Each structure stands twice: as structure tokens, then as C-alpha cells.
Amino acid sequence: MPFPNSSDLSPSSFILASIPGLEAAHFWMAILLCSMYILAVTGNCAVLFIVKTEPSLHAPMYFFLCMLAVIDLALSTSTVPRILSFYWFNTREISFAACLVQMFLIHTLSAIESTVLLAMAVDRYVAICHPLRHAAILTNAATVKIGLVAMARGVIFFLPLPLLLLPLPFCRSRVLSHSFCLHQDVMNLACANTTASVVYGLTAILLVMGLDAILICLSYILILKAVLRLALWKERLKVFSTCIAHICVVLTFYVPLIGLSVVHRFGKDLAPLVHITMGNIYILVPAVLNPIIYGVRTKQIQRRILNLLHVCSD
């Protein structure tokens with residue numbers, strides 16, 4: 001497929017990244033990605049179904065878990081089918097408009113997920129440090145409001161990212177570093193001053209993901225202080241074990257996010273395989289692992305899954 005004319009300043013399309021020398025392996029890479037995507041969809045749909053049908057799980061923590069499931073489904077669905085189309089049918093070109101929409105969805109959904117993870121940390125803090133006030137503070141109505149605030153926060157902070165790229169000319173190579181569109185990746189292809197995009201993008205990430213990470217750490221410092229005030233180690237472990245699933249989910253979100261940011265900032269000379277692998281990990285690994293983590297750590301979810309498997313086997 002010929003690349004766009006470098007003298008054409010109108011941003012008509014971009015070229016998704018391939019791995020030099022591994023084009024023949026695209027089919028098998030797509031099989032792996034497709035398997036992970038199916039696992040992510042199945043796991044997150046199972047979480048939604050189980051929480052909906054299990055009255056004992058109708059609590060704020062599990063409503064937040066449902067929000068995570070919906071976000072992971074939306075994030076993976078907005079990227080993986082397009083990646084599979086590229087790997088299976090060699091459709092490397094993506095239109096400028098589709099690229100901006102995909103970019104907006106990826107960054108906005110990531111911001112919403114970060115906010116929900118913060119809300120889950122606050123839920124754990126209130127449940128452990130102020131258990132008698134937990135039901136009064138985190139009501140169902142409050143949970144819905146938090147979800148709406150998370151959505152509005154993501155849209156407000158990250159809608160300007162594609163808007164800042166709209167007027168820019170793109171006269172360099174149109175080949176992206178990933179199999180999908182990210183703001184920094186697209187911005188680096190512009191042949192104009194991108195200071196406004198750089199400053200705003202960094203500010204948005206710091207005010208959303210950065211601030212959320214700090215507040216999550218602060219909530220766990222307070223939780224740890226409360227746990228250490230308990231007399232017996234057995235009690236301490238029992239109380240803190242209620243946070244293990246959330247801590248694991250936080251790590252599966254922030255570690256790939258930080259890794260992808262480091263690759264973008266310091267890995268310009270790294271092989272394309274590193275960029276593409278880190279991007280796919282960022283998109284798919286949280287969506288795959290989140291339902292598994294809560295499935296392992298939550299007895300009610302375990303029991304419902306076993307019941308469903310038993311019914312299917314019969």
C-alpha cells in the first residue's frame with residue numbers, strides 16, 4: 001500500500017504500525033489478540049450478569065466493578081476489532097476522523113476508569129475506617145452520581161485533545177507507532193508547533209490520572225494506619241484482605257499506563273515490537289484480568305460462576 005504524499009498537508013488518513021519482519025506472523029498474532037478479546041468480553045459480561053442477578057452484590061463496591069466492566073468492554077471494543085482487521089486483512093489505513101474518534105474514546109475511557117478506581121479506593125477507606133457511616137455515605141444514589149461525575153470528568157478533560165489536532169497540518173510520514181490512535185503518537189506526526197497539545201495533554205493526564213493515583217495512595221496510607229491499630233495480626237490480615245482485589249486492579253491499570261508513557265517519552269529508538277506490544281498490553285490486559293481478579297477474590301462471584309458452569313455442563 002503506498003504511503004500518503006508527504007507534500008499533502010490535509011490530514012486525510014494515517015497508517016497503522018506493523019512489525020518489520022513479522023508481517024507473516026500477523027495471522028497468529030491476531031489469533032492471540034482475538035482470544036484475549038473474547039476472554040475480556042466473556043469475563044466482563046459475566047461480571048455484569050452476576051452482579052445484576054445476585055442481590056448480595058448490590059452494593060457500591062460491585063456497582064463500581066460493573067462500571068469498570070462496561071469501561072473495559074468499551075475500550076477493548078473501540079480498538080481490538082480494528083486491530084484484527086489490520087492483522088487479518090491488511091487494512092492499514094485509518095481515516096483522520098476515525099483516528100480522532102478512537103483517540104478520544106481511548107483517553108476518555110481511561111480517565112473514567114481512573115476516576116472509578118479512585119471511587120473504589122474511597123469505598124474501601126470508608127468501609128474500613130468509618131464502617132458505621134459506610135451505608136449512609138455511599139448510597140446507591142451517591143454511586144450513580146459518582147459514575148456520572150467520572151464520565152463528565154473524562155469527557156471535559158480529554159475532548160480538547162482531538163480538537164487541538166484538527167487544525168494542524170500533517171506533512172511528515174503518516175505511519176503511527178501503534179495499531180491504534182493515541183494523542184501523543186498522532187501529535188508527533190504534525191509539521192507545526194504542537195506546544196499547546198503537549199502542554200494540555202500533559203496537564204490533563206496529571207490532573208486526572210496523576211491526581212487519582214496520589215489520592216489512591218493517600219487512601220491506602222490511611223487504611224494501613226487504621227489496620228495497624230487493630231490488636232491481632234489475624235484481624236489485620238482479614239480486614240486488609242478486602243482491599244487485595246482493588247489493589248491488583250489498580251496495578252493492572254496504572255503499570256501498563258506508566259509503561260506506555262515511558263516508552264513514548266524515552267523509547268523513540270526502541271524496536272516497533274516494543275511500542276506495539278506495550279500498546280496492546282495497555283488496551284487488553286486490564287480488561288482480561290479485572291474480572292479474573294474479582295472472580296478469584298469474591299466468594300459470591302465464584303459461587304455464581306461455578307453454578308453457571310454446572311448448568312452449562314448439564
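**Figure 1. Transmembrane regions listed by UniProt, placed on a predicted model.** The unreviewed UniProt entry gives "transmembrane region" for residues 27-50, 62-88, 94-122, 134-159, 198-223, 244-267 and 273-296. Residues 27-50 are 100% helix and 0% strand, and the C-alpha atoms at the ends of this span are 34 Å apart. For residues 244-267 the distance between the end C-alpha atoms is 32 Å; this span is 96% helix and 0% strand.

Figure 2. Two or more of its residues come from each of helix 1 (26-53) and helix 3 (80-89). Helix 1 makes the greatest contribution, with 3 residues. Ile 31 lies in helix 1 and is partly exposed, because its relative accessible area is 34%, between the limits of 20% for buried and 50% for exposed.

**Figure 3. Helix 6, residues 140-158.** At 1.5 Å a residue, the 19 residues of helix 6 should span 27 Å, and the end C-alpha atoms are 27 Å apart, so the two values agree.

**Figure 4. The buried and exposed residues of helix 6.** Ala 142, Thr 143, Gly 147, Ala 150, Arg 153, Gly 154 and Phe 158 are the buried residues of helix 6. Viewed down the helix axis, these buried residues fall within an arc of 145 degrees and therefore line one face of helix 6. An α-helix has 3.6 residues a turn, so residues three or four places apart point the same way. Val 144, Lys 145, Leu 148, Val 149 and Ile 156 are exposed on the other side of helix 6.

How values were computed:
Residues numbered from 1 in each chain as written. Predicted model: local features only at pLDDT ≥ 70, side-chain atom pairs only at ≥ 80, totals over all residues. Heavy atoms only, no water. UniProt positions renumbered as here; feature names shortened; annotations may be inferred. Helix = DSSP H or I, 4+ residues; strand = E, 2+ residues; numbered from the N terminus. Buried < 20%, exposed > 50% of the residue type's maximum accessible area, 1.4 Å probe, protein only. Expected span 1.5 Å × (residues − 1). Arc of directions from axis to C-beta.
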